[in-house]
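Please read the report below alongside the sequence and the model. It begins with annotated positions and then turns to domains, a helix and a sheet.

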Amino acid sequence: MTETNEILRIAAKGDGVTVDGRHVPFAAPGDVLQADGTIAPGPHRAQPPCRHFGACGGCQLQHCDTQAIARYLGERIAFAAQGQGVAIGTLLPPHLSPPRSRRRCTLHAASAGGKLQLGFREAGSHRIVHMRECHILRPELFALIAPLRALFAARKERISAKVDLTLADQGADCAIAGLKVEGLAATEAMLAFAQDNGLARLTIDHGYGPETVWEPEPVTVSPAGVPVAFPSGGFLQATVDGESALTRIAGEWLAGARFVADLFAGLGTFAFALSGNAKVLAVEAARDAHLACKAAAARTGGAVHAMHRDLFRNPLQPDELNRFDAVLLDPPRAGAREQIGRLAESTVPRIVYVSCNPASWARDAARLVEAGYRLEAARPVGQFVWSTHVELASLFVRQPG
Ligand SMILES: C[S@@+](CC[C@H](N)C(=O)[O-])C[C@H]1O[C@@H](n2cnc3c(N)ncnc32)[C@H](O)[C@@H]1O
């Protein structure tokens, strides 16, 4: 018999939810909320590996085992679809990226009470966690925390800076915003930091836009093994493992398609992965990403064609879409309302929709289903391990008639 105060599921923001609907922070499914307010651990409770868990905003679910996290990811997608009246043919088991696999992050640095703090922000606060360990970041990125802290601590002014770290082919790409670097000594300190830590690139935004001060070799990333110039601040799937899982699923679902459109293509992550078996049109609005994809495509023999186009204002029209055997789209969090509207009017047989937001995905899915597509399958992909961030790949197939 289920007790009314047993935790049944995890809510969108990570709280446990009891049978009678109460939200309990840091409770796992199967735990029981006791009369005195304490939680009796259940079978899905895990020992959080990180000492910062609870305070750090980077992770919300370290107290849950893998099974509970997998169920949570599936439920988020199922509830979102259900809320829009969309039936999912098969909800496939989630793919979860392993710990220490995140290759990009945004950290914050600030001086507070005479000390320099550098790390993720605390949940729901501007306070910064003084990170001594991290179980999500790639070790190459975590290794930069101490040197960055020393770099900031050596400066005389009050620090309030943002640090974006991305692991590229050549090493860590580091972009610092909110730091004034003036004069020879300050510039030399920055260059020494870049050199000593083997950075692939150092970009500083003094408040007038980013300026690259160190890039010994052109920085690239290599989706499907194709080197593509990586623009500072460009989009990259959060883990290599998650990117492989997504491109593998897309490849399976799009098997046999000879002409594919990759919409919201970024640097061409999916386009290059699919181009072994198909000609791919890669459409992207960010100019830097588009140009990088175009240049890489030119070097790879012509299976990828890059197009610069804003798909919110100027979506591909049904007559353009109908030339393709399949369309893949991977829009930003807002989804792709305008492009989905045109896809709904098209005859494209297969659509693979990759999303980082179940809510906008479900809204768009409902439009496709209303227009005669069936949602054959969806697969959660947890690249942000232990966070409440949900990503997914899904397959829509146009039904006859
Ligand atoms: C989630 S990312 C996916 C990128 C790529 N598919 C990948 O896997 O690396 C979304 C992409 O959509 C692009 N984008 C955002 N708004 C757009 C628009 N209005 N038209 C076309 N592309 C847009 C972004 O620049 C970004 O590259």
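Gln237 is placed in the loop between strand 15 (228–229) and helix 5 (240–253), where helices (H or I, at least four residues) and strands (E, at least two) are DSSP runs numbered from the N terminus. The model is a predicted one, in which local features need pLDDT of at least 70 and side-chain atom pairs count only at pLDDT 80 or more, while totals for chains, interfaces and linings use all residues. Residues are numbered from 1 along each chain as its sequence is written.

An unreviewed UniProt entry places the feature "binding site" at Gln237, Phe264, Glu284 and Asp330; positions from UniProt are given in the numbering used here, feature names are shortened, and annotations may be inferred rather than shown by experiment. Phe264 lies in the loop between strand 16 (259–263) and helix 6 (269–274). The table gives neighbour counts for two of these residues, a residue being buried if 20 or more other C-beta atoms, placed from the backbone, lie within 10 Å of its own, exposed if 12 or fewer, and partly exposed in between.

| Residue | C-beta neighbours inside 10 Å | Class |
|---|---|---|
| Gln237 | 26 C-beta neighbours | buried |
| Phe264 | 22 C-beta neighbours | buried |

Two residues are in contact if their C-beta atoms, placed from the backbone, lie within 7 Å.

An automatic or database domain assignment supplies the domain bounds, and the chain is divided into domain 1 (1–45), domain 2 (70–98 + 236–398) and domain 3 (104–219). The centres of domain 1 and domain 2, taken over C-alpha atoms, are separated by 35 Å, and their contact takes five residues from domain 1 and four residues from domain 2.

Helix 1 (residues 66–83) has 18 residues. Its buried residues include Ala68, Ile69, Tyr72 and Leu73, and among the elements that cover the buried residues of helix 1 are strand 1 (7–10), helix 10 (358–370) and strand 21 (373–382). Helix 1 is followed by Gly85, whose phi is positive, near 70°.

Strand 1 pairs with strand 2 (residues 16–18) over three bridges, and Thr18 in strand 2 is the bridge partner of Ile7.

Notes
The expected span of a helix is 1.5 Å times one less than its number of residues. Two strands pair if DSSP finds at least two bridges between them.
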